[in-house]
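Subject: Structure handover

Hello,

Please find the structure below. My notes on it follow.

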Amino acid sequence: MITNMIEPNRIKQLKEFLDSIDIKIPLENVNIALTHSSFCRENNFPYELCNERLEFLGDAVLKIIISDYLYKRFPSYNEGDLSQIRSYIVSDETLDKIARKIKLPEYLILGYSEENNGGRWRSSTIACAFEAFLGALYLEDGLKQSYKLLEKLFDSEVTSVDADGAKSNYKALLQEYFQSISNSVPSYILTKQEGPPHNRTFYVDVFFENDFLASGSGVTKKTAQKEAAKKACAKLGLIKQQGENNV
């Protein structure tokens with residue numbers, strides 16, 4: 001795809017988006033990064049014109065930059081502390097939050113059905129598009145602009161997570177607890193899901209070996225797992241009950 005094959009109005013939109021975050025790169029891969037697979041399927045466009053391949057690349061870019069950033073910012077933290085913060089920072093929940101701040105969802109291209117089913121504002125769709133954009137940025141400029149952008153966008157988020165003693169990562173906390181007393185780890189079982197595709201609720205139970213620990217629910221499987229893990233941590237005394245400060 002070359003720039004003159006992108007419609008003039010789309011070129012204007014993409015330039016507007018890049019200007020808003022002070023990024024200067026060619027538009028071709030940016031356009032692909034913000035194109036959902038549903039649009040290509042509905043219009044019989046080649047698979048490589050949707051953002052899934054760039055998402056794969058951007059996921060790796062995100063992790064290496066965040067890892068480097070945390071390693072340098074917290075020289076006294078051990079591997080476990082750094083991993084806990086990173087796992088929260090690279091989660092769909094956080095990526096969705098950051099992407100909305102820069103108004104990325106407004107620039108997505110989706111298929112008609114996906115648009116009507118609320119796909120533009122679906123957390124997983126937004127998070128994947130953000131990763132795809134990082135992949136596009138990396139292809140055009142290596143890590144330089146990617147690092148600068150992520151440092152600016154995530155600095156306050158990292159500060160907030162670090163100030164929370166539990167790092168908001170209850171799954172990691174629960175796993176570390178059981179690994180300290182056995183060779184087993186918790187398992188998460190999806191028990192049911194309710195609602196239409198664009199507004200679904202997932203229900204998950206968490207077990208240790210054959211023992212039930214807790215249940216959780218959420219708009220994604222990951223959110224439901226986190227809720228179940230949080231309740232299990234409270235049950236085991238790893239964190240204080242809701243309404244109290246974390247230990």
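Which residue just after H6 takes a positive phi? Lysine 103 does, at about 65 degrees. The helix numbering follows DSSP runs from the N terminus, with helices being H or I of at least four residues. H6 itself covers 92–101, and its buried residues are Thr94, Leu95, Asp96, Ile98 and Ala99. Buried means under 20% relative accessible area, exposed over 50%, and partly exposed in between, with a 1.4 Å probe and protein chains only.

Before the rest, some notes on the source. This is a predicted model, in which local features need pLDDT of at least 70, side-chain atom pairs count only at pLDDT 80 or more, and totals for chains, interfaces and linings use all residues. Residues are numbered from 1 along each chain as its sequence is written, and side-chain values use heavy atoms, with hydrogens and water left out.

Aromatic rings

There are eight aromatic pairs in the structure. Rings of Phe, Tyr and Trp (its six-membered ring) pair if their centres lie within 6.5 Å; planes under 30 degrees apart are stacked, over 60 edge-to-face, and the rest tilted. Phenylalanine 74 and tyrosine 77 make a stacked pair, 4.6 Å centre to centre with 10 degrees between the planes. Phenylalanine 74 counts as buried because its relative accessibility is 8%, whereas tyrosine 77, at 25%, counts as partly exposed. Phenylalanine 207 and phenylalanine 212 are edge-to-face, because their planes are at 70 degrees, with the centres 5.7 Å apart. Phenylalanine 212 is partly exposed, at 41% relative accessibility. Ring pairs also link Phe17, Tyr107 and Phe133 into a cluster.

Lysine 171 is over the face of tyrosine 188, 5.0 Å from the ring centre; lysine 192 is over that of tyrosine 203, at 4.7 Å.

The largest pocket

(Ala, Val, Leu, Ile, Met, Phe, Trp, Tyr, Cys and Pro count as nonpolar, Asp, Glu, Lys and Arg as charged, the others, Gly among them, as polar.) H10 (170–181) is one of the helices that supply at least two lining residues each, and H10 gives the most, with six.

Regards

Technical notes
Lys NZ or Arg CZ within 6 Å of the ring centre and 35° of its normal.
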